[in-house]
There are 2 protein chains.
Amino acid sequence: MGGSLAAALKKANACRRVVGVVRRPEPATFALEHGWVDEASTNLAEPLPETDVVVLATPVRTILELVPLIGSRVRPGCLVMDVGSTKAVISQALESLPEHVRVVGGHPMCGKETSGIDAAEASLFEGQVFVLTPLKRTGQSTLALAHELVEAVGARPLVLEAEEHDHLTATTSHLPYLLACGLVGSAEQVAGDHPLLWQLAASGFRDTSRLAASSVDMMLDVLMTNRASVLAALDTYEARLRLLARSLRSQDESSLRQLLEAAAGRRRSLES
Amino acid sequence: MGGSLAAALKKANACRRVVGVVRRPEPATFALEHGWVDEASTNLAEPLPETDVVVLATPVRTILELVPLIGSRVRPGCLVMDVGSTKAVISQALESLPEHVRVVGGHPMCGKETSGIDAAEASLFEGQVFVLTPLKRTGQSTLALAHELVEAVGARPLVLEAEEHDHLTATTSHLPYLLACGLVGSAEQVAGDHPLLWQLAASGFRDTSRLAASSVDMMLDVLMTNRASVLAALDTYEARLRLLARSLRSQDESSLRQLLEAAAGRRRSLES
């Protein structure tokens, strides 16, 4: 996500300089070679006296570790934002930054199941929703700057409260991930006796299970920092599934048809 | 599926003549205009004295209605096959055809969530697995002819027993469909209070829920004719989901990581 954002900002010529700060030298070299950054560093502790905007783009719990290190390294007025997948815990962390730092949370709704610098692409954000979660202390001019950044990469800003973001993405993103993992786990179990199963796993299975290939480090942070909402979403989902199972078990075809038609109608109304 | 098969057979120049028999005049005209058939008819009761191969390509329970009408209309030695999504009930039906008719079941593993003649494409089968389910009475030469047909459209034949096919596709295909419907149903429920939810339904949600857009007529037939296997697959799946929920609820991060890593490893090993 960090690589894609750097690439998109460079492509839009939206920043005087784009500097990538990463843990390992390989992605730094890769990003430099692709012209996605003007400068790349692996020194996470470096002072950032000339930086206008810092974007933290790591798994959520790494963001929580990084936030306390930022305050003393940036100049007054610098905007610190993040693109972490859950927002409430990060909002709390950002709240603790010194008053002279400007803060806002962000989350572009265009994650991929592939990760790392070689999965980066400048066009990732185009036409996608980019959630912004202002804190109480986030002023109008700070939010306006965040809007500018979002629009520079071709995304559509959507302002939400951090809690509402987490509540809704539990259903739209974290739940689908767990379903995909559960589906792959089920198939693995059945394949124990029938290894041929994998040859029958066609595009329908692959679409439905795609998210299971996501970065486990990233998703573990998401689940652990949005636990209550994810468990609630799982409960709602299991109840829906039981409704489907019950009508199938009792051969109540008209109930079953009604449930399936409702899902089909809604799903067809969304983008493919 | 029928339209795609006709188009693929025509493209491969695999048949002397390809005749499409459909219920309504519009798809007949459409297929003729696209050069996917040499002739199109809406007369399902027409005798077929010169036909070498009849392929039944409709929802499963319509196939069950059509099979008894076929026997008296084809010449001795004609191959009757089908591309229905469940195979055991169709095998039983094919068994009842007169001895002079050759029979085999088939199921190409390349269904789409879109249906109808305008979703047809000649390249649909290329490189895909095409299951063949011989009956006891299916002789070697009949199976060889079915292989030829499958290979003519660029697919890879895989011979399975009808029951094994149904048992495995309950997990690889029918279960993913129900999960997708359950996910859309969950989201609908949450969106009742938060209509913004749909704006957050990004590619992860769309991939995981894509199958919910499938033809309800087709899928209702699938579920009703593979009920026991689908319910068993749902049970296995719910148990997997509870395992995930339990480790998340108890914050047992190492168990959770283990489950997620196993799913990620397997999913990454499949085609994207």
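A disulfide is a covalent bond between the sulfur atoms of two cysteines; here it is taken as a pair of cysteine sulfur atoms within 2.5 Å. Searching the whole structure turns up zero disulfides over all chains.

B:Cys15 counts as partly exposed at 30% relative accessibility, whereas B:Cys181 is buried, with a relative accessible area of 4%. Buried means under 20% relative accessible area, exposed over 50%, and partly exposed in between (1.4 Å probe, protein chains only).

## About the model

This is a predicted model, in which local features need pLDDT of at least 70, side-chain atom pairs count only at pLDDT 80 or more, and totals for chains, interfaces and linings use all residues. Residues are numbered from 1 along each chain as its sequence is written, chains are lettered from A and ligands numbered from 1 in the order in which they are written, and side-chain values use heavy atoms, with hydrogens and water left out.

## Chain A at a glance

Chain A has 10 helices and seven strands (DSSP runs numbered from the N terminus: helices are H or I with at least four residues, strands E with at least two). Its C-alpha trace spans about 70 × 40 × 30 Å along the principal axes, and 53% of its 272 residues count as buried.

## Where the two H9 helices meet

Helix H9 (residues 227–249) of chain A and helix H9 (residues 227–249) of chain B have axes that come within 11 Å and cross at roughly 165°. That makes H9(A) roughly antiparallel to H9(B) (angles over 145 degrees count as such; axes are lines fitted to C-alpha atoms, for helices over the stretch in contact, and angles run from 0 to 180 degrees between N-to-C directions).

Among the residues making the contact are A:Leu234, A:Tyr237 and A:Leu241 of H9(A), with B:Leu234, B:Tyr237 and B:Leu241 of H9(B); contact means heavy atoms within 4.5 Å.

## Packing inside chain B

In helix H4 (residues 88–95) of chain B, the buried residues are B:Ala88, B:Ile90, B:Ser91, B:Ala93 and B:Leu94. They pack against helix H3 (60–70), strand E4 (79–82), strand E5 (102–108) and helix H6 (162–191) of chain B.

B:Gly71 sits in the loop between H3 and E4 of chain B and is buried, at 4% relative accessible area. Not counting residues up to four places away in sequence, B:Gly71 touches B:Leu97, B:Pro98, B:His100 and B:Val101.

Notes:
Parallel < 35°, antiparallel > 145°, perpendicular 65-115°, else oblique.
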